[in-house]
Amino acid sequence: MKVVGYVRVSTEEQSTKGVSLQAQAEKLRAYASLYDLELVAIVEDAGQSAKSLNRVGIQRALEMLRNGEAEGLLVAKLDRLTRSIADMCHLVAEFFGDRSKRPVTLLSVSDQLDTRSAAGRLVINILMAVAEWEREAIGERTRTALQYKKAMGVLLGAPALGSSDGEAATVARIVELRAEGKTLQAIVDVLNAEGRVTKRGGKWATTTLTKILRRVA
């Protein structure tokens, strides 16, 4: 089976023994050799956080999977791929789950994960179940908070955002996206893509978004 390897370190981890890009790459080569996998490439993200999937390296690896250049993705550990349940849920839905249009294999050396096996698929299903629970829990808390604030006559997002119909609609959109389980960066990307602006008319950033979510939570 052809696989593409993916390695990543954050800025803080770059000099950490056992986590370096070289150490990860060596683990991938050894694993591929042991299990007779054809390692077609190893792509990397150096000095990149796993908080979102907006990384050049991982996007290149995913594109190789989409194009059929590889039939599986090999990582040294799952947290090299992502630390976000929501992002993992997205990856499973698009690439690694049974319901994907063109399912491919996810393999993790340290986690001993291989989605070709029943045990590997069980792990993925558990991750999906946790993500679903998290989305529902966020939705329930958000609805309860909004109902309470509405009953108290509180204007959502006031005074920083929400004092006009357009601003209130933006706050509602933020709450909706968060209830869907989207990460802060994903919400920021959606808001900016939709042309929604902050109170001061600027583009959205995760710090601004965090303040809004704290007020409506």
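## Basis and overall surface

Accessible areas here come from the Shrake-Rupley method with a 1.4 Å probe, and for residues only the protein chains shown count as cover. On that basis the protein exposes about 12100 Å², of which carbon and sulfur atoms supply 52%.

This is a predicted model, in which local features need pLDDT of at least 70 and side-chain atom pairs count only at pLDDT 80 or more, while totals for chains, interfaces and linings use all residues. Residues are numbered from 1 along each chain as its sequence is written, and side-chain values use heavy atoms, with hydrogens and water left out.

## Fold

The secondary structure comes to eight helices and five strands, where helices (H or I, at least four residues) and strands (E, at least two) are DSSP runs numbered from the N terminus. Along the sequence these elements follow the pattern β-α-β-α-β-α-α-β-β-α-α-α-α. Of the 217 residues, 42% count as buried (under 20% relative accessible area; exposed is over 50%, partly exposed in between, with a 1.4 Å probe and protein chains only).

## Arginine 55

Arginine 55 lies in the loop between strand 2 (38–46) and helix 2 (56–66). A polar contact of 2.7 Å joins its side chain to that of tyrosine 6, and the side chain of arginine 55 also reaches the backbone oxygen of leucine 81 at 2.7 Å. A polar contact is a pair of N or O atoms within 3.5 Å; within protein, one must be able to donate a hydrogen and the other to accept it, and residues adjacent in sequence count only if both atoms are side-chain atoms.
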